[in-house]
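Please read them with the structure open.

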Amino acid sequence: MPALADKIESTRYAPNPLADEDLRKTGSTMKFTYATGDQPLKGYTIKRGIGVGGFGEVYFAVSGAGKEVALKRVQRNLDIELRGVGHCMNLKHPNLVALYDVKYDDNDQAWILMEYVAGATLRDELDRHRQGLPREQALRWFGDLAAGVAYLHDHGIVHRDLKPGNIFDDEGIFKIGDYGLSKFISCSRRGGNTESVGTFHYMAPEIGRGEYGKEIDIYALGIILFELLTGDVPFNGESSHEIIMKHLTSDPDLSQVEPPFRGVIAKALQKNPDARQKSVAELLEPLGMLLDKHGLAQLDPDAHARPILAELVSDPATPHYAQQNNPWNHAAGPAMNSGPVHNAKKAPSEPLAFAVHKSAHDLNHWWHDRSANPLGRLIVVVVAVVILLMNSAWLLPMLSLLAMLYIPYYVIRTMVLTNQRQPSYAAAHAAAVNAQRRQQMTPTRQQWRMMARRELADKSLRTRAAELTESWATALIVLGVLGWVATMFGIAEGDGGARAIAPFAWGSATALAGAWLMLGLGKAWESDEAEGLPRRIVQLGVGAVVGAIAYGLGRGLMIPMDSGFDLDRVALDLPRHMYSGSGEILLPAMMAHFAAIFFLARWWRAADPLRVRRMSIWSIAVVVVVAWLVNQVIPVPQPWGMLTAAAMVIAIQMAAVWKNPAHRIARVHGA
């Protein structure tokens with residue numbers, strides 16, 4: 001196995017699209033043999049060093065006529081490998097980095113002249129999408145990669161070192177590099193005198209036995225497809241030996257990959273080379289792709305019948321998605337681009353009803369657009385309620401009168417003007433087909449959650465911090481309003497002194513502490529759906545902290561800590577280290593009470609951006625019931641304990657970021 005030593009000089013040179021990915025990750029400074037302005041090869045001037053790979057150094061150079069090229073200095077003059085370059089010289093395919101020539105300098109040192117690609121590599125894209133690329137983008141990369149590999153195989157060449165660092169973006173066309181040092185296909189798949197090949201994460205098991213037929217490229221394609229979809233490789237480890245052993249003995253975990261990708265990858269990663277796909281075309285076929293007569297990846301014309309391509313095929317109802325996000329839209333065929341279907345003729349819209357409906361639609365759109373920040377919605381609701389209460393004396397009678405006059409008019413108008421003509425059979429059939437396509441394009445709830453989790457994981461630390469700060473501010477406002485309302489009701493029934501207000505201030509401040517802590521945990525946990533027990537254990541500690549804060553606040557506000565207690569029960573049933581002889585609650589009891597509430601309830605779901613609803617009454621009810629049950633064992637002053645728990649879950653739900661599941665259709669369509 002070769003040592004993976006390619007590196008990019010990060011301090012002096014721009015990132016190199018032709019350098020090895022493993023070197024580029026290190027970011028350490030490399031020393032190049034030649035400097036800017038040197039001419040080691042007659043007719044070519046070095047502009048900068050790009051990187052150093054297993055076979056030599058790579059430079060960006062310019063010819064005397066101004067043509068930009070990449071020069072690869074083959075340090076060891078491996079005759080077998082150079083003959084491989086010679087056989088690849090005349091290969092021409094849009095998805096291959098072009099090889100121009102092999103030249104020798106005055107010291108008889110071999111140099112490979114090749115096309116210079118200035119774009120990013122697939123490794124760069126994967127580094128930007130830690131949870132995998134969006135499906136459309138992943139298929140574009142994989143389609144071009146597969147087309148280039150198929151062309152090499154058709155010409156008797158195995159790449160044998162496919163990896164994201166060898167795949168480049170040339171202004172939207174994805175190209176494979178480093179195939180010039182590939183090995184010819186041998187019928188016996190035996191090696192002979194050659195360099196060891198591959199990068200550990202992408203190496204097929206049989207390479208260790210000296211077998212390197214085209215099946216090793218099929219294996220690498222399966223690894224790369226897995227990484228495109230998930231952001232990780234199926235076999236990873238702390239050392240090269242551990243990685244190799246997993247290739248030899250372990251089965252990949254494909255649980256996070258959806259069909260039909262799962263079946264394609266599973267077959268490509270078979271330990272037995274004969275059990276894998278026999279060709280690249282066979283690998284592409286279940287994905288709804290094929291290679292056209294020019295060797296380019298296209299959508300299968302029958303792709304609309306395949307589930308995986310339901311969201312890639314053009315649909316009249318979603319022209320922006322089909323035209324902008326489908327990389328091979330021209331292959332969908334004319335049948336997939338039929339115009340919209342006109343349904344039965346409807347009566348003209350009544351102007352007043354239309355205006356009211358449009359206003360309601362606009363208000364609803366604004367309401368959902370502001371879902372990430374409920375403060376604006378809260379202010380609007382409060383203002384609307386205040387205006388309604390202040391003007392109810394004349395507003396309600398007037399609205400009732402208008403309704404009595406308008407409803408008969410609307411019914412009569414609709415009956416007179418409505419055309420009852422039914423649609424033709426052709427129009428009805430076309431409408432049914434379009435509805436079926438739209439249904440196919442709608443992702444399931446599980447698919448939407450998986451895509452949304454990936455987006456959440458891709459957010460930068462700065463974005464997370466900004467969202468958390470906004471959530472904390474919103475929780476402060478929500479609890480401030482709830483505390484103020486509760487205090488007004490309390491004052492109305494009491495003397496209004498400081499002693500009466502103190503419990504409301506205690507409940508609001510305790511709820512705020514708990515809400516802030518859970519919002520912070522929710523932000524840390526939002527990118528995955530972990531098991532419940534580890535999170536409950538963490539919440540147990542958070543609850544203890546909230547209990548300690550509640551106890552300290554109660555002492556500071558001089559709130560009686562024996563309110564509502566049965567002193568006989570305290571004396572007989574409860575431990576003395578938690579309650580005093582007079583029935584006053586002590587610090588351990590307060591900490592245990594809130595720790596139990598936090599352990600028993602799934603608080604993280606209230607802060608989950610992918611929760612079903614922004615505000616769930618059921619969640620509030622569950623927390624209140626849990627608080628009541630805990631109070632039967634570890635009592636605290638009531639009703640303040642249960643009210644505090646309820647206020648806490650309300651504030652968390654109102655303040656936490658929320659991604660509306662109803663928008664998942666727009667999410668997939670690129671809206």
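**Notes on the predicted model**

1. Helix α16 (residues 532-556) and helix α18 (residues 587-600) have axes that come within 7 Å and cross at roughly 145°. Axes here are lines fitted to C-alpha atoms, for helices over the stretch in contact, and angles run from 0 to 180 degrees between N-to-C directions. Helices (H or I, at least four residues) and strands (E, at least two) are DSSP runs, numbered from the N terminus. The crossing of α16 and α18 is right-handed. Handedness is left if the near helix is turned anticlockwise from the far one by less than a right angle, and right if clockwise.

2. This is a predicted model, where local features need pLDDT of at least 70, side-chain atom pairs count only at pLDDT 80 or more, and totals for chains, interfaces and linings use all residues. Residues are numbered from 1 along each chain as its sequence is written, and side-chain values use heavy atoms, with hydrogens and water left out.

3. Which residues meet between α16 and α18? On the α16 side they include Ile-537, Leu-540, Val-546 and Tyr-551. On the α18 side they include Met-590, Phe-594 and Phe-598. Contact means heavy atoms within 4.5 Å. By class, this contact has 16 nonpolar, three polar and one charged residues. Ala, Val, Leu, Ile, Met, Phe, Trp, Tyr, Cys and Pro count as nonpolar, Asp, Glu, Lys and Arg as charged, and the others, Gly among them, as polar.

4. Now the helix pair α5 and α7. Their axes come within 8 Å and cross at roughly 145°. The crossing of α5 past α7 is left-handed. From α5, Ile-218, Tyr-219, Gly-222, Leu-225, Phe-226 and Leu-229 take part; from α7, Phe-261, Val-264, Ile-265 and Ala-268. The contact of α5 with α7 has nine nonpolar residues, one polar and no charged.

5. Overall figures. The protein has 22 helices and 11 strands. Of its 671 residues, 45% count as buried. Buried means under 20% relative accessible area, exposed over 50%, partly exposed in between (1.4 Å probe, protein chains only). Among contacts in the protein with a separation of 6 or more, 68% come from residues 24 or more positions apart.

6. The largest nonpolar core has 69 residues, and Phe-142, Leu-145 and Leu-228 have the most contacts inside it. Helix α5 (residues 215-230) gives the most to this core, with 11 residues. Domain 1 (33-115) and domain 2 (122-184 + 198-299) both give residues to this core, so it lies between them. Domain bounds come from an automatic or database domain assignment. A nonpolar core is a set of buried Ala, Val, Leu, Ile, Met, Phe, Trp, Tyr and Cys residues joined through side-chain atoms within 4.5 Å.

7. What does Leu-145 touch, leaving aside its neighbours within four places in sequence? Its contacts are Leu-162, Ile-167, Ile-176, Leu-221 and Ile-224. A second, separate core has 48 residues, including Leu-468, Ile-620, Ile-634 and Ala-655.

8. Check the backbone at a few places. Most residues other than glycine have a negative phi, and most peptide bonds are trans. Pro-259 and Pro-260 are joined by a cis peptide bond, with omega about -5°. Pro-260 sits in the loop between α6 (240-249) and α7 (261-268). Pro-259 is exposed, with a relative accessible area of 58%. Its C-alpha atom is separated by 9.6 Å from that of Pro-286, 27 residues apart along the chain.

9. Buried or exposed? Arg-160 is buried, with a relative accessible area of 5%, whereas Glu-171 is exposed at 79%. Arg-160 is in the loop between β6 (157-158) and β7 (167-170). Glu-171 is in the loop between β7 and β8 (173-176).

10. Two exposed helix residues remain. Val-633 is in helix α20 (residues 617-633) and has 57% relative accessibility. Asp-154 is in helix α4 (residues 135-154), with a relative accessible area of 66%. Its C-alpha atom is separated by 9.8 Å from that of Gly-295, 141 residues apart along the chain.
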